Amino acid sequence: MLRRSIRLAAAWGLAIAALPAAAQAAHRTCKGYVHLTLDTGNMRHAEPIADILARHQVKATFFVAQEKTWRGDHALDPAWAGYWKARVAEGHAFGSHTWRHGSFRRDLPDGKVAYRLMDGRQLSLSAAEVCAELRQPDTRFAELTGRALDPLWRAPGGRSTPGTLKAAEACGYRHVHWAPAGFLGDELPSGTYPNEALLRRALADIRDGDILMAHLGIWSRKDPFAPMLDPLIAGLKARGLCFATLPDAGRGSR
């Protein structure tokens, strides 16, 4: 299925290459900006995605968590230091995606927040513990790369609560969601949402200012969407849209 995705991406690339010269050059004069964000996921397509970004000279914002990878380790283990150092050298931006990639479920009467871990365990986090959950990836990333995260975070699944947002803001992290059109659908079942349809929808609907969201690897999708980032970026550039990191990126951590 990965080969099929690559062939499809190549076909879309050829189609874009066949556009009139004016359309191909449209991105040189920016008619707007979009923000590509990438959550860690299982990291299976981390290297190919990095290659796509480099080829198109696109800077993305990565949201990092200590998630289990396809290799059996975790995304912020020392074995991944080389990958993250290379992305830092390329000038990308980075935010926290929590340490344990849990789900913030609801605010509790005692002022704490219900937090469900990937293994199903339910925790109650105080504001200080929410802050620690966001800071731990920051600390580890700095240990791996020498660079702190930017003052940004994204809740796994985009699910948060007023109490969680307040706690995060108190310790210096602004939450980042995504635009409806920017949900690229790489975590949806490929039988129901084939790559061709997701790509076509994104190219038609994404507008200036939209935040796009995808992952560096997804466990559940059979036909990976990652190769589609190539024609997606090319197609959006052909429409005159340029890519930028998020507004609060590049200012370092707290």
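Biologist: What makes Cys131 count as buried or exposed?

Modeller: Bear in mind this is a predicted model. Buried means under 20% relative accessible area; Cys131 has 12% relative accessibility, so Cys131 counts as buried.

Biologist: And Cys171, which side of the cut-off is that on?

Modeller: Its relative accessible area is 8%, so Cys171 is buried too.

Biologist: How do you know that Cys30 and Cys242 form a disulfide?

Modeller: The cut-off is a pair of cysteine sulfur atoms within 2.5 Å. In Cys30 and Cys242 the sulfur atoms are 1.9 Å apart, and they form a disulfide. The link ties together parts 212 residues apart in sequence, because Cys30 lies in the loop between helix H2 and strand S1, while Cys242 is in strand S10. Searching the whole structure turns up one disulfide.

Biologist: What makes S4 and S5 a pair?

Modeller: Pairing takes at least two bridges. S4 and strand S5 have four bridges, in the antiparallel sense. One example is Ser103, whose bridge partner in S5 is Arg116.

Biologist: Which strands are the edges of that sheet?

Modeller: The open sheet has the order S4-S5-S6, with antiparallel pairing. Strand S4 and strand S6 each pair on one side only, which puts them at the edges.

Methods: Residues numbered from 1 in each chain as written. Predicted model: local features only at pLDDT ≥ 70, side-chain atom pairs only at ≥ 80, totals over all residues. Heavy atoms only, no water. Helix = DSSP H or I, 4+ residues; strand = E, 2+ residues; numbered from the N terminus. Buried < 20%, exposed > 50% of the residue type's maximum accessible area, 1.4 Å probe, protein only.
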